[in-house]
Amino acid sequence: RYMGWPSGVKYDLVDPHDSPLNETVETQVQGRSSSCYHVNIECEDDNCGARPMYRNLPSSTPAPLSGPGSWPWHANFFNEGEYVCGGSIVHKVFVLTDLSCAKMVVQAGSFITVLVGQEKRTNVGLGPYSQLRIVVSLKVVQGSTVVLAQMDRMLEFNDHVNQLCLSEEAWTPSDSCVMSGMAGDMLTKTMETVVEQCSSTELCLTATPSGVDTLNWAGALACADTKGRYRAVGVYHSTAQSPPDRVTSLLGGGVGGNIARVITAGLASDPRVPDDPCEGVRCGLGNCVKEENVCDRNWDCQEGEDEINCPVVSSTSLALCEQVGSGPECSCLPGQLKCGNNLCLDLGAWCDGVPDCGDGSDEPAECGACVTRLALLTPTAICDSVPDCQDWSDETSQACGCQPDSFRCDQPFNMSSSPSCISST
């Protein structure tokens with residue numbers, strides 16, 4: 001970022017002697033610095049082939065070939081939520097891939113999506129920089145195996161998503177060429193390769209051995225120009241675990257012009273999203289969740305779209321205890337007891353062998369004996385001269401709180417006097 005400019009802006013400090021504004025801009029600064037620079041700014045519209053995340057690295061530090069934002073034009077095709085093969089962003093609305101990849105995408109199902117800006121595969125949720133789009137058409141470029149997939153709306157270019165430049169036909173590839181694809185849990189994996197023109201229509205590749213599985217890697221072969229910008233020089237689809245040794249060239253036969261014409265024609269009218277046969281919820285990644293699986297408290301969509309705006313279902317019908325005064329204490333209505341989690345449960349539901357509170361506090365160990373159960377549920381019935389337990393355990397000296405060396409001297413059923421404890425010594 002330079003002077004508050006948003007992402008997508010590249011800047012360079014230019015020596016005044018090399019600046020085209022040298023004759024019109026005064027560069028002397030009194031009392032602060034003996035050296036001044038002009039600032040050259042490039043906005044994102046002219047920033048194809050650049051890796052914005054690393055736009056301001058020193059010239060002596062190369063940008064990495066892996067990690068966030070390292071390959072911002074890589075795209076992945078999904079059909080019904082399942083990965084199929086790869087592609088490369090060449091326009092805000094178009095992704096380029098090979099014809100054989102496009103055929104696989106069409107044969108895999110009826111709902112095609114494109115995922116960009118996502119570095120790793122995840123079971124739940126996508127990264128904050130990921131973008132998903134629906135593919136509305138697939139068009140074969142005349143005289144080539146290039147296919148352009150048109151998306152339903154524009155991508156937002158930023159540090160993690162950008163377009164690859166389309167090459168001029170007379171341009172000669174450099175030695176710095178890269179292909180990309182999905183491998184393991186990485187949605188964007190790269191492999192360096194040396195490129196040679198082996199015929200008017202094909203490029204020969206000599207990839208650096210890496211042991212990476214390249215099955216269903218597809219998209220544009222990208223090579224850097226003298227300014228470090230990457231351009232699409234070929235199109236490929238790897239149908240094996242090792243990279244192809246030959247790919248279709250984009251440097252001749254008018255392919256570049258035909259690609260431009262397809263893009264122009266596609267932009268001439270608003271894209272029409274195909275009718276969706278899904279009767280449940282269509283996930284962003286493309287899979288359809290059946291209606292019976294919607295709002296079942298289980299994420300079937302990567303981003304949980306099937307559990308959004310669901311009716312609130314209370315996990316319990318029990319009421320919370322009411323606060324007493326301004327303190328932390330709360331109480332329940334008459335005929336209820338307070339659970340350990342501050343819910344209120346009717347007396348009749350305690351110690352019935354069924355945990356109703358949700359935390360098990362209505363079925364404590366005290367429920368196992370008559371006297372302790374009675375003390376829990378009806379404490380006034382303990383030592384009231386009326387035996388409620390068959391073994392009269394609620395009217396014993398121990399139940400009445402007499403000391404171990406004392407005994408209760410009144411008689412049960414004698415309601416006229418309160419129990420008293422008499423010492424035996």
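Mentor: Let's begin with the chain as a whole, then go from pair to pair.

This is a predicted model, in which local features need a pLDDT of at least 70 and side-chain atom pairs count only at pLDDT 80 or more, while totals for chains, interfaces and linings use all residues. Residues are numbered from 1 along each chain as its sequence is written, and side-chain values use heavy atoms, with hydrogens and water left out.

The average pLDDT (the predictor's confidence in each residue, from 0 to 100) is 87 for the protein chain, and 89% of the residues score at least 70. The chain has 3 helices and 23 strands; these are DSSP runs, H or I of at least four residues for helices and E of at least two for strands, numbered from the N terminus. Of its 425 residues, 40% are buried (under 20% relative accessible area; exposed is over 50% and partly exposed lies in between, with a 1.4 Å probe and protein chains only).

Now to your pairs. Side chains of opposite charge can pair when their charged atoms come close. Counting a salt bridge as a side-chain nitrogen of Lys or Arg within 4 Å of a carboxyl oxygen of Asp or Glu, the total is 7.

Take Arg-55 and Asp-159, whose side chains meet at 2.8 Å, N to O. Arg-55 is in the loop between S2 and S3, and Asp-159 is in the loop between strand S8 (146–151) and strand S9 (165–166), so this pair links distant parts of the chain, 104 residues apart.

Another pair joins Arg-246 to Glu-202, with 2.8 Å between the closest N and O atoms. Here both partners sit in strands: Arg-246 in S15 (residues 246–249) and Glu-202 in S12 (residues 202–207), so the bridge ties together parts 44 residues apart in sequence. Arg-246 is partly exposed, with 45% relative accessibility, and Glu-202 is partly exposed too, with 28%.

Next come Arg-282 and Asp-276, which form a salt bridge at 2.5 Å, N to O. Arg-282 has a relative accessible area of 17% and therefore counts as buried, while Asp-276, at 34%, is partly exposed.

Glu-80 deserves a look of its own. This residue lies in the loop between strand S3 (74–79) and strand S4 (82–89), and its relative accessible area of 25% makes it partly exposed. Most residues other than glycine have a negative phi. Glu-80, not a glycine, has a positive phi of about 55 degrees.
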